[in-house]
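Trainee: I would like to go through a structure step by step. Could we take it as questions and answers?

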Amino acid sequence: MAIRSSVTISLVPEARGGPFIFRDDLEDGCRKAKALGFDAVELFPPGPGAVDPGRLRALLDDLGLKLAAVGTGAGWVRSRLHLCLPDASGRARARSFIREIIDFAGALHAPAIIGSMQGRGDGVDRATALGYLSEALEALGEHARTYGVPLIYEPLNRYETDLANTVEAGVALLRSLATRNIVLLADLFHMNIEEADIPAAIRAGDGRIGHLHFVDSNRRPVGSGHLDYPPIVEALRAIGYQGFASAEAFPYPDPDEAARRTIDAFRRYFPAS
Ligand code: LER
Ligand code: MN
């Protein structure tokens, strides 16, 4: 298997300013992704019931597209839920939101991503927050396993979480868990802020990197910032990375051009794919 291309589609009105290439129209986003030659789409739905799984399956099958992953961040963006809230009922609601996204994605054989929903140590100390996060990851990782898919955990930059900011911290967190069904998401935008050396961090990922947000330093499409891709691609090859390179980027200068720039860069950097 080779590294495959993917592009994000957000259906969350509150996230219109966010790092998503296509937005609001699922069918239009999928058709554009296919026309440009992407292998897959990554979906950011408003909630677990927002998209009919049968309709999505039919649309993807019809176009010959894969579903790379489904994001859970709408629980944070729309309802301010996360896994480390001080009150137990808020944490429980966050956990069920993610669990239901796992059910939605799992039925389509795709993994769910925990990014913003991990939360931060606001209102509780960091050790307590890490305890809440670990407990939730154990349960949710095993729940994802019932669908034969991993759960994806994403270290974020320091302005978005204080729980795990680097691949190394993500590896330490996953190593501390009993579940073996969680992989790491390497988001090159976050890594550009936090890692001393991005290719070295990828190599040190302990074989746990299972998803990639393929984006530039300024969160614009690949080629629109200052990241040096050849050593990053070399590191991905060295670890035998077989997942998706998914464009979670601002729709700069516009969605169609952002998607075109991404697929051009993907073909340049992953020519065998
Ligand atoms: C989500 O994939 C992510 O990268 C976070 O910054 C939340 O938007
Ligand atoms: Mn990301």
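The questions below concern a metal site, a serine and some salt bridges in this predicted model.

Trainee: Which protein residues are the donors of the manganese ion (ligand 2)?

Mentor: Look for protein atoms lying 2.1 to 2.3 Å from the ion. One donor is a histidine, which contributes its ND1 atom, and the others use OE or OD atoms. The donor residues follow the spacing E-x32-D-x25-H-x34-E in sequence. They are Glu154, Asp187, His213 and Glu248.

Trainee: How many residues apart are aspartate 187 and histidine 213?

Mentor: Both of these residues are buried. Aspartate 187 belongs to strand S7 (residues 182-187), while histidine 213 belongs to strand S8, and the pair links distant parts of the chain. The separation is 26 residues.

Trainee: What is the geometry of the site of the manganese ion (ligand 2)?

Mentor: For six octahedral donors the ideal angles are 90 or 180 degrees. At this ion there are six donor atoms, with angles of 70 to 173 degrees among them. The site is classed as octahedral.

Trainee: Is serine 217 buried or exposed?

Mentor: Serine 217 sits in the loop between strand S8 (209-213) and helix H9 (229-238). Its contacts, leaving aside residues up to four places away in sequence, are Phe189, Asn192, Gly225, His226 and Leu227. Its relative accessible area is 8%, and the cut-off is under 20%, so serine 217 is buried.

Trainee: Which residue forms a salt bridge with arginine 78?

Mentor: Arginine 78 is in helix H3 (residues 74-79), and its partner is 64 residues away, in the loop between strand S1 (4-10) and strand S2 (22-23). The closest N and O atoms are 3.2 Å apart, and the partner is glutamate 14.

Trainee: Why are arginine 57 and aspartate 61 separated by about one helical turn?

Mentor: These two residues form a salt bridge, with the closest N and O atoms 3.3 Å apart. Both lie in helix H2 (residues 53-63), and they are separated by about one helical turn because their spacing in that helix is four residues.

Conventions
Residues numbered from 1 in each chain as written. Chains lettered and ligands numbered in written order. Predicted model: local features only at pLDDT ≥ 70, side-chain atom pairs only at ≥ 80, totals over all residues. Heavy atoms only, no water. Helix = DSSP H or I, 4+ residues; strand = E, 2+ residues; numbered from the N terminus. Buried < 20%, exposed > 50% of the residue type's maximum accessible area, 1.4 Å probe, protein only. Contact = heavy atoms within 4.5 Å. Donors = N, O, S within 2.8 Å, 3.2 Å for Na, K, Ca; no water. Tetrahedral: all angles 85-135°; square planar, octahedral: opposite > 155°, others 65-115°. Salt bridge = Lys/Arg side-chain N within 4 Å of Asp/Glu carboxyl O.
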